[in-house]
Amino acid sequence: MTAKLIRNAYEAVLTMTAVLLCWSAALLLEGVAGLHTDVLVLACALTLTLAGSQRTADTGRRLTALTLLPVTAGASVFVGRLIASHYAIGAAVYTAGMALAIWIRRYGPAATKAGTLIALPLVALLVVPGPALPPEAQDGLVTWGWSALIGALACGSVWLVQGLADRFGPWRPDPAPAPPARRSRLHPRPSTRMALQMAAGIAVAFALGDLLFDDHWPWVVLTAYVAASGNRGRTDVLRKGVERLAGACVGTLLAAGVAAAGLTGHTAVALMFTVLAIALWLRPLNYAYWAAGMTCALSLLLGYFGQNAQHLLPVRLEGIAVGAALSVASAWWLLPVRKRTTPGLPRPAPTQEHAEA
């Protein structure tokens with residue numbers, strides 16, 4: 001366990017170094033180009049989510065990331081604006097994009113990685129408070145360009161840090177084992193089932209989020225996505241939903257303590273990065289640690305943007321509970337994906353279509 005904690009700490013340091021590098025570049029860009037502070041949040045969110053998928057990537061996968069991530073980062077801004085102006089249409093486009101990212105897994109490992117890159121900016125859109133750049137700052141085309149540039153900066157930051165670590169660091173990344181090449185007997189195929197489950201969960205999350213939580217609908221949608229992503233069966237979705245809710249409760253208590261201490265400004269930003277680093281370190285042990293850290297960090301972010309984070313924490317918990325319930329319901333009752341095992345034999349590794357995004 002000690003060795004695992006040390007290795008986890010090393011990987012967390014690499015990820016946070018890449019995040020801080022991209023954040024610094026975005027901060028410089030913000031000052032030079034007169035952009036909005038939200039561009040910093042976009043930079044951190046993209047780098048944080050990209051780092052894990054690129055740790056063992058080869059040159060081909062990295063070139064794919066450099067092609068797809070800037071394009072999808074720019075496109076996600078338009079999706080965010082569409083949701084803001086035409087909620088129902090924007091929600092439908094967002095839901096279709098997330099379902100597509102899962103459905104294309106049927107075409108093999110390369111398509112699975114491409115689906116991950118499609119989903120990353122859409123997930124970041126739920127973290128960023130509003131479009132990456134405000135409408136009054138730039139027109140639509142330039143906004144797309146700045147967001148695409150942030151996507152390219154995220155790729156460069158991750159590759160630079162991980163490349164230097166592979167060359168001079170004490171550990172090399174452990175390559176993920178290739179899933180067995182066997183075709184599932186389920187009809188529809190697992191990728192189709194998971195795509196339909198994700199679409200149903202997110203679509204209802206958008207509807208209930210707008211109905212019950214007004215402008216805080218992203219909390220419901222984000223939880224519905226997180227709990228159902230990488231679906232390895234009904235029990236797996238239930239476990240992740242419970243862990244996310246439990247972690248959010250702990251994060252709520254932490255955020256309440258920070259709010260009571262009155263920490264603001266640069267101190268709050270430094271604490272936010274510290275919380276993220278600790279959450280990354282403990283995440284491989286249990287997802288609840290990550291959920292707790294993200295809840296606390298997002299509360300600090302809301303406070304930085306002037307919102308009463310302490311007042312919103314109970315509402316956040318309610319949104320997380322609703323999103324978790326929706327993902328569990330869709331996984332259990334809409335074309336469930338069941339894992340098959342043979343008595344007396346070890347549980348087989350997941351197929352490519354069950355691999356996590």
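The secondary structure of the protein amounts to 12 helices and zero strands, where helices (H or I, at least four residues) and strands (E, at least two) are DSSP runs numbered from the N terminus. The model is a predicted one, in which local features need pLDDT of at least 70 and side-chain atom pairs count only at pLDDT 80 or more, while totals for chains, interfaces and linings use all residues. Residues are numbered from 1 along each chain as its sequence is written, and side-chain values use heavy atoms, with hydrogens and water left out.

Of the 357 residues of the protein, 50% count as buried (under 20% relative accessible area; exposed is over 50%, and partly exposed lies in between, with a 1.4 Å probe and protein chains only). Among contacts (heavy atoms within 4.5 Å) between residues at least 6 apart in sequence, 77% join residues at least 24 apart.

Helix α3 (residues 59-85) and helix α5 (residues 109-127) pack at an angle of about 35 degrees, their axes lying 8 Å apart; axes are lines fitted to C-alpha atoms over the stretch in contact, and angles run from 0 to 180 degrees between N-to-C directions. Residues of α3 that meet α5 include R61, L68, L69 and I83, and their counterparts in α5 include K113, L117, P121 and L125.

On the surface, L21, L160, L164 and F168 form a nonpolar patch, to which helix α6 (residues 140-168) contributes the largest share, three residues. F168 lies in helix α6 and counts as exposed because its relative accessibility is 62%.

How values were computed: Patch = residues over 30% accessible without salt bridge, like charges linked within 9 Å, V, L, I, M, F, W, Y side chains within 5 Å. Areas by Shrake-Rupley, 256 points an atom, 1.4 Å probe, with all protein chains shown as cover. Salt bridge = Lys/Arg side-chain N within 4 Å of Asp/Glu carboxyl O.
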